[in-house]
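Student: Could you walk me through how the chains meet here, and then how a pair of helices packs?

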Amino acid sequence: MKRIVSLLLALIMMMTAAAALAEGKTLTWARSYESTSLDPAESADDESNNIVSYLTEGLVRVVNGAVIPGIAESWESSEKGDVFTFHLRESVWSDGTSLNAQDFVYSFFRLIDPEQGHSQADSAFCVKNAEAYMAGEAAKEDVGYKAIDDYTIEVTFASAGLENLFLMADNGLRPVKQALVEELGEAYGSDADKLLGNGPMVMDSWLHESQMVLKRNENYWNKDAVQLEQLIGMCNISGDTAVEMMMTDMIDLAAFSDPTYYQQLYDLGFEGITYTNTDQFIQINGNGKTEASGRFLSNANFRRALSYAIDRTALVNTVMLGQTPAYRVIDPDAAGMNGKFVDEYPVETQINVTADPAKAQEYLAKALEELGATAEDIPEFSMLCFDTQGNLTKLQAVQDMLLTNLGIHCAIDPQPIQQMIAKVYSSDFDFWTGGVSIGTVDAASPSGVFSYWDVNDPDALFGYDNAEYAELLDKAQQATDYKTRLDAIAAIEKIFIDEMPSLLLTWQTQNVVYRSGYTITNVDSGFGADLAFVQVAE
Amino acid sequence: MLRYVLKRVVIALLTVFVLATVTFFLSKLLPGDPFMNEKIPVSVQEKQRAYYGLDKPVIQQYFIYMGNLLRGDLGTSIKFVGRSVRDIIGEFFPVSAKLGLIALSFAEIIGLLFGILCAQYRNRWPDYVLMVFAILGIALPSMVVGPLIRYLFGVQLRWLPVGGWGKTWQQAIMPAFVLGLGTIAGNTRSMRACMLAVITQDYVKTARAKGMSPVRVVLKHELKNSLVPMLANLGPMIAGVLMGSFVVEQIFVIPGLGKHFVNAVSTLDYPLIMGLTIFYGAFLVVMNLLVDILYGWVDPRIRVK
Amino acid sequence: MLNRNTCPDFTPISPDELTGEEMTRPETTYFKDVWRNLKKRKTALASLFVLALLVVMVLAGPMMNEYNYYSNDYAAANQAPSALHWFGTDTLGRDLWTRVWVGGRVSLLIAILATVIPYAIGMLIGGISGYFGGKVDMFIMRLIDVLMGIPSLIYDILLIMVLGSGSIATLVIAFTITGWLGSARTTRGLVLQLKEREFVMASVTLGASPIRIILRHLLPNTLGIIVVGMTMTIPSVIFAEAFLSFIGLGITPPNPSWGQLIKEASEVFKQYPYRFIIPCIFVGLTMLCFNLLGDGLRDALDPRLRS
């Protein structure tokens with residue numbers, strides 16, 4: 001019996017060894033949670049978005065902040081910059097069937113189908129009349145997305161702007177195959193055999209909440225650029241689990257923002273790259289949870305007082321490890337005209353990185369004078385967050401800073417995630433902690449940092465009412481030359497630092513840590529390292 | 001007996017129906033809805049609500065849901081777009097059930113054994129040693145024990161894989177141990193107490209006086225009779241363990257059902273909440289029915305009426 | 001021949017005055033009896049003493065040094081136990097000695113209230129269910145099935161809505177809603193078995209009311225097993241409190257509790273083991289004491305186990 005067991009064991013070991021050899025160029029990486037949908041029209045979170053970007057390809061791709069040809073080999077724009085004509089290459093889906101302009105047009109109108117309500121529909125809203133079409137207020141012919149012939153697409157944008165081209169790379173606008181979508185309905189993108197792509201990778205198998213195997217797409221138009229033969233995603237791995245799996249050779253790559261984790265791996269000789277991806281805020285509700293709190297929070301001097309009471313350096317040293325105290329809004333990695341934005345547009349007044357209780361008191365006194373109030377009138381503020389230890393510890397630190405430096409009392413209000421969001425929508429908070437992605441192009445993008453305080457945006461949540469700010473944001477978005485856009489961004493930043501519509505705390509960086517032998521060639525601040533194009537040492 | 005079982009099945013169906021109804025309305029009372037998301041424009045959110053029928057009156061939604069349920073359709077998840085609730089349960093329940101069964105089977109046996117030992121050696125050293133073990137097993141939460149043994153056996157000693165599921169049988173050892181630890185400890189203490197309640201009964205004394213061997217006394221008289229109180233919560237316990245554990249699944253990266261019980265509620269994935277509740281409820285009701293039948297078998301004085 | 005009716009020494013008593021059940025000893029002696037027996041058990045007495053000490057410490061402990069439980073000191077973050085900070089400090093440099101004792105107030109209170117109240121309710125309902133049997137039993141048991149089936153997170157979120165957060169009363173209610181179910185099932189199982197015993201039959205024959213039988217005869221006999229179950233739920237209640245605090249139902253930070261201290265520390269236990277070991281010791285100690293006390297109580301309650 002014993003001999004049989006040991007024989008079997010030896011056999012199993014040989015088989016696993018053989019399997020390891022046969023895999024060739026493989027990268028196994030840690031995914032922190034399961035994708036909710038791989039339908040481009042529904043992929044709402046980072047772990048879905050990155051997979052969609054490996055499986056599909058839009059008209060263009062963004063690589064390291066530059067637009068490069070995707071399925072469109074070339075394009076030209078109208079003089080005004082609001083109409084683009086894309087010339088598509090002859091390419092095929094991963095199953096070998098041909099792909100043409102009609103597929104893109106179908107996918108576009110499916111995305112904004114008024115009957116469906118796809119979550120990513122706003123990817124299309126940069127196109128003229130797309131939003132109106134979805135609301136049932138415009139006819140299909142009036143929408144600015146048309147196939148001129150089988151390999152030409154003409155896109156008319158809602159307004160001219162530098163980032164229109166970037167937005168064409170968005171996941172939501174990636175193609176889906178009509179026949180398959182109509183066969184599967186809403187199940188499209190929910191399983192390995194329920195999707196079809198045209199990107200660098202194809203889905204081989206998908207065990208939900210466990211493991212996803214992607215293989216190189218042999219029908220991809222640019223398959224020579226793809227070095228990896230296999231990409232294996234292990235699900236629900238982050239933090240300590242990821243560290244221990246890296247140590248025991250179960251995975252090759254994982255992303256971390258907390259040095260408690262990544263430092264252990266760097267010490268063991270792992271390699272890594274770092275990039276800024278989030279601005280950490282304590283959001284302020286300018287309307288206040290109650291009238292009494294809104295009265296104070298809508299006052300700029302009061303907000304300045306709050307900001308001076310916060311010790312950003314202490315936060316970084318204790319609860320926001322690995323982050324950088326933000327002394328301005330635009331992070332040091334952001335691009336300027338030729339070099340970095342922060343070098344080309346220095347700020348006169350910086351955000352305080354350590355607490356300045358004297359200044360905080362001074363501004364508080366000013367605020368009280370303006371409002372004709374006394375310190376006793378300041379109500380207890382409510383600090384909303386969702387239920388993670390990090391959020392709770394961070395808010396306890398801020399709570400104590402406001403108490404010590406200003407004598408202001410706050411109560412922490414932790415909630416499950418959807419209840420928290422419901423409270424945000426019903427203005428039931430004074431402060432709210434949440435990270436804001438720095439935006440896919442820059443701070444002025446529709447998804448960029450500055451968009452959150454745009455008074456003209458019906459979706460703005462923080463009750464900040466400043467017309468000049470909104471005008472500058474429009475100016476940046478509609479600028480057709482880079483200089484005008486950057487100038488406007490700098491002007492918005494100045495207002496922000498001065499008025500502090502929300503308390504910016506830190507810039508958060510992400511560390512992608514990997515075993516040596518791989519080279520990461522492209523990083524996206526939104527969904528991280530582009531693993532499809534990872535280079536592998538021989 | 002057959003009539004009794006038939007009657008119980010009807011009552012069980014009724015119970016699950018009541019459970020489904022109560023859960024449906026309670027879940028609609030929760031603040032917020034699954035489509036609220038600060039990254040998605042409100043106009044799109046409204047379209048989503050309309051697509052999923054959440055803009056209709058709750059009572060109408062209830063009848064639509066119940067109509068579908070009668071046809072055996074549990075609906076599709078809102079969070080995992082397009083995945084049917086039945087698929088989700090069908091994919092993850094076997095994993096949780098397998099792990100749960102492994103954990104339960106060894107935990108029950110060891111727990112009962114320890115309990116018997118404690119009772120036989122009452123207030124002597126085996127009793128105290130096992131008591132300390134039981135207390136450690138309960139007082140140390142799995143969120144601490146799990147990472148601790150994972151680090152020890154997975155990273156330091158490299159005896160066992162750190163996590164994952166379905167590749168090697170070794171992957172089941174640590175999670176099953178952590179999952180079963182509480183049960184072992186709990187059973188040790190409960191079994192001890194139940195046994196002590198029986199040990200001094202006259203019939204046990206009689207059996208001993210007759211000269212029956214101690215082992216036979218324990219097995220034939222004491223064990224069976226002391227199982228009655230242990231049975232009471234066996235149903236809920238089996239149902240609970242087989243449905244998976246959020247913490248253990250998280251620590252050992254196991255694609256089980258446990259996390260969905262928590263996540264479905266916190267993301268307000270109504271169809272998934274309902275599907276999981278109905279599934280769990282049905283399981284629980286069946287388990288409790290079996291327990292009621294077992295009562296009569298263990299102790300004939302408790303007649304099933 | 002003696003004439004019964006004219007007997008001068010005796011007067012007949014009316015049947016109304018005959019209450020057979022009250023021939024038991026006066027009620028106080030039962031508890032006196034239990035106490036007398038409990039006193040004989042050294043382990044039980046010792047645990048009572050340790051528990052008393054814990055209570056004293058959670059009240060007085062925070063006053064033994066100059067720190068409070070909420071003020072941050074970033075220069076002193078993450079320190080190991082030392083002469084300055086006897087239990088070390090946490091991420092925000094708060095003194096853990098103070099936080100552990102302040103946290104103990106909530107945790108001990110919860111440990112007692114959130115086990116005793118649900119168990120008392122559960123025993124009563126379980127007793128009724130088991131004693132009456134039939135339709136009553138069926139109804140109560142199926143009600144329990146339904147209540148067990150509803151995901152507890154739903155109750156919890158609804159409770160936050162209705163009662164607001166931050167009070168021990170809310171926590172106790174949250175625990176009570178789901179906590180009585182298990183003890184009711186256990187009690188019912190025990191009562192099903194006990195009610196067939198001779199002493200119950202004797203009481204019934206003597207005309208005792210069902211409520212009296214349940215309260216005086218059946219429930220005391222289940223106590224031994226119930227007490228053990230109760231002590232076993234203490235740690236889970238302490239840890240569950242931490243989870244409920246996370247979603248806003250429990251004690252709002254910066255107010256600590258043992259559960260929260262452990263939860264906080266469990267994420268960094270490799271770097272700072274002392275931070276979870278210390279509160280874990282106190283949870284274990286509390287449970288050990290209640291356990292030994294429970295055992296002692298059990299033995300004291302069960303006359304047959306007295307040696």
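**Chain contacts and helix packing**

Tutor: Bearing in mind that this is a predicted model, the contact between chain C and chain B draws on 45 residues from chain C and 51 residues from chain B.

Student: Which elements of chain C give two or more residues to the side that touches chain B?

Tutor: Those elements are helix 4 (134-149), helix 5 (152-163), helix 6 (168-194), helix 8 (210-246), helix 9 (258-266) and helix 10 (274-301) of chain C. Sorted by class, the side of chain C that touches chain B has 25 nonpolar, 12 polar and eight charged residues.

Student: And how many residues of chain B are in contact with chain A?

Tutor: There, 38 residues of chain B are in contact with 40 residues of chain A. Helix 2 (42-51), helix 4 (85-120) and helix 6 (142-156) of chain B each supply at least two residues of that side of chain B, and the largest share, seven residues, comes from helix 2 of chain B.

Student: OK, switching topic: at what angle do helix 1 and helix 13 of chain B pack?

Tutor: Helix 1 (residues 2-29) and helix 13 (residues 270-298) of chain B pack at about 150 degrees, with their axes 9 Å apart. An angle over 145 degrees counts as roughly antiparallel, so that is how helix 1 of chain B and helix 13 of chain B are related.

Student: What's the handedness of the crossing, and which residues make the contact?

Tutor: The crossing of these two helices of chain B is right-handed. Among the residues in contact are Ala12(B), Val16(B) and Leu19(B) of helix 1 of chain B, together with Ile278(B), Gly281(B) and Val285(B) of helix 13 of chain B. By class, this contact has 13 nonpolar, five polar and one charged residues.

How values were computed:
Residues are numbered from 1 along each chain as its sequence is written. Chains are lettered from A and ligands numbered from 1 in the order in which they are written. This is a predicted model: local features need pLDDT of at least 70, side-chain atom pairs count only at pLDDT 80 or more; totals for chains, interfaces and linings use all residues. Axes are lines fitted to C-alpha atoms, for helices over the stretch in contact, and angles run from 0 to 180 degrees between N-to-C directions. Helices (H or I, at least four residues) and strands (E, at least two) are DSSP runs, numbered from the N terminus. Angles under 35 degrees count as roughly parallel, over 145 as roughly antiparallel, 65 to 115 as roughly perpendicular and the rest as oblique. A crossing is left-handed if the near helix is turned anticlockwise from the far one by less than a right angle, and right-handed if clockwise. Two residues are in contact if their C-beta atoms, placed from the backbone, lie within 7 Å. Ala, Val, Leu, Ile, Met, Phe, Trp, Tyr, Cys and Pro count as nonpolar, Asp, Glu, Lys and Arg as charged, and the others, Gly among them, as polar.
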